[in-house]
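Take a look at the structure below. We will go through a helix pair, a salt bridge and the confidence of the prediction.

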Amino acid sequence: MTMRNTTLLLTTGVLLAIVFGSSLLSEMSWSTKQSRSDSLRQAVGLPSIAVGNLNPMARNPGLEMLCPGLYDSPGGYCYYFTAGTYPLNFTINSNETATDGIK
Amino acid sequence: MSRFKNLFNYALNCIQRYRIRTAVVLICLVVSSAVFSSVAFIEDGLTNEGELSLKYSPDLTVQGVESGRLTPVELRYLGYIQEAPSVTAVVPRIWGYANIGNTLLVVVGIDLSNPTINFAADYPLESGTFLNPESNNSVVIGRGVASLLGVGVGDVLTILTESNQPRTYIVSGIFNSESSIYSGDMILMNLKEARTFFNLPEDKVTDIMVYVSNIDAAQKGALVNLVAREISDLPNCRVVTKNLLLQAQEAAYGDRSGFFSVVWYVILIAVAIIAFNQTVVVGHESKFEIGLLKAVGFSTTDIIQVRLVESLLLGTIAGAVGLAVGIFYDSVLGAPMVADFMMGWATLYPNFTIPVAISLQTVLFTFTITIVPLLFATVIPSWLNATVDPDIAMRGARA
């Protein structure tokens, strides 16, 4: 094997070691963070993070996350959140009543 | 083994011999994999942080609704919710946005009698102390807020409330930069002060946090839904579960990185076309060489193997360089431009650390998408070259 080929393989090996080493360190650091108790998040209880106020990821649980922009324009409000929470797997109360099969 | 070693060496020599092809393919793949990995690492980091917040969020959040719009919820519901089966804690919370220092910040008022708050716990504070239940006007602020307003522990902060009345607070603590992703834009105070700040009536709060007893995960979902159904019988109420928030968060970050993914797919297709084109060009240039190799005993499979090993090496080198660039760009440079897009308005806060997660899954996926398209782009031209008769190949190359 020529010197050039050896250098090429060594450089690739070092780069691979850097990439997989960084990944390993990152995975370990996140794993430690997730297993550690977080007293602040527990006390505050806000489900989101400090990213994007008035952007799709505002802290308002549910609504502002999915309803950026349309907010208050007539008819443009996020209608699928008005009668209940759309993906929830339970029947939400509504103003409909059924008596003897006739609404 | 010796045969493969020789083919491997020959492939390495080919990479160096066809410099223009190697450079073109490497540059294209490095750029595309660096862009992809950089965005993916930030997306993973934000999702991890979001999931961490959700882990500690209440099982259910009860909000008020009027005319389909969110409003403060009535405090009298507290007793009713408390009586729902398996509910262990019901905690009122007041929070909202305030434009302070020309920046939108989050003001949070927590009930200090909340049983989930542990005052003996170690809070992520850079300096000072956490909220004191006996002190009314103390606040704990995020690192970003402290930098923005230029205040430290013990300083007096005068803020205009929503009713345009000046209100004075003493900064009792500042959260550290490690917790900035959660607390960077936060002013934390007790519930009573937050009520005054937002000028909320005594009988209302922003939302009610509901905690359901901890049972095994399989049963918990059904139990939470049962409680949610019960609470949703209350008038002018909306119930949001933790699971729904998780879905919303994943959708929000997925959408953002989705824009980049589309651009990246376009780049990848372009790279595959360029790689294909370069292989065809190299195939034409190397006709004589292939004819010679076949004349001295190389089989069609050997030649295809050489080209595949070349592509495998090129893809691996490009993936490794691209990933290393992505890691450096995110972790050392702080991902300029990409961070602006992914972090939204959070870029307004000073000293904001971007969460980066270099997951093994993303690393392996990046390698897959730098190697596999290159292999596909190489195999057909090399097969077409390798199947030509050596005599015709050498004559054709000379002609």
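In this predicted model, helices α1(B) and α10(B) cross in a right-handed sense. Helix α1 spans residues 2-17 of chain B, and helix α10 spans residues 300-332 of chain B. They pack at an angle of about 60°, with their axes 9 Å apart. That angle makes α1(B) oblique to α10(B).

Now look at the residues in the contact. From α1(B) come B:Arg3, B:Phe4, B:Leu7, B:Phe8, B:Tyr10, B:Ala11, B:Leu12, B:Cys14 and B:Ile15. From α10(B) come B:Asp302, B:Gln305, B:Val306, B:Arg307, B:Val309, B:Glu310, B:Leu313 and B:Leu314. Sorted by class, the contact has twelve nonpolar, one polar and four charged residues.

Next, the charged pairs. Side chains of opposite charge can pair when their charged atoms come close. Over all chains, the count comes to twelve salt bridges. One salt bridge joins the side chains of B:Arg93 and B:Asp207, at 3.0 Å from N to O. This pair links distant parts of the chain, 114 residues apart. B:Arg93 lies in strand β4 (residues 87-100) of chain B, and B:Asp207 in strand β12 (residues 207-212) of chain B.

Finally, turn to chain A. Its mean pLDDT is 64, and 48% of its residues reach 70 or more. Where pLDDT is low, the predicted coordinates should not be read in detail.

Definitions and conventions
Residues are numbered from 1 along each chain as its sequence is written. Chains are lettered from A and ligands numbered from 1 in the order in which they are written. This is a predicted model: local features need pLDDT of at least 70, side-chain atom pairs count only at pLDDT 80 or more; totals for chains, interfaces and linings use all residues. Side-chain values use heavy atoms; hydrogens and water are left out. Axes are lines fitted to C-alpha atoms, for helices over the stretch in contact, and angles run from 0 to 180 degrees between N-to-C directions. Helices (H or I, at least four residues) and strands (E, at least two) are DSSP runs, numbered from the N terminus. Angles under 35 degrees count as roughly parallel, over 145 as roughly antiparallel, 65 to 115 as roughly perpendicular and the rest as oblique. A crossing is left-handed if the near helix is turned anticlockwise from the far one by less than a right angle, and right-handed if clockwise. Contact means heavy atoms within 4.5 Å. Ala, Val, Leu, Ile, Met, Phe, Trp, Tyr, Cys and Pro count as nonpolar, Asp, Glu, Lys and Arg as charged, and the others, Gly among them, as polar. pLDDT is the predictor's confidence in each residue, from 0 to 100. A salt bridge is a side-chain nitrogen of Lys or Arg within 4 Å of a carboxyl oxygen of Asp or Glu.
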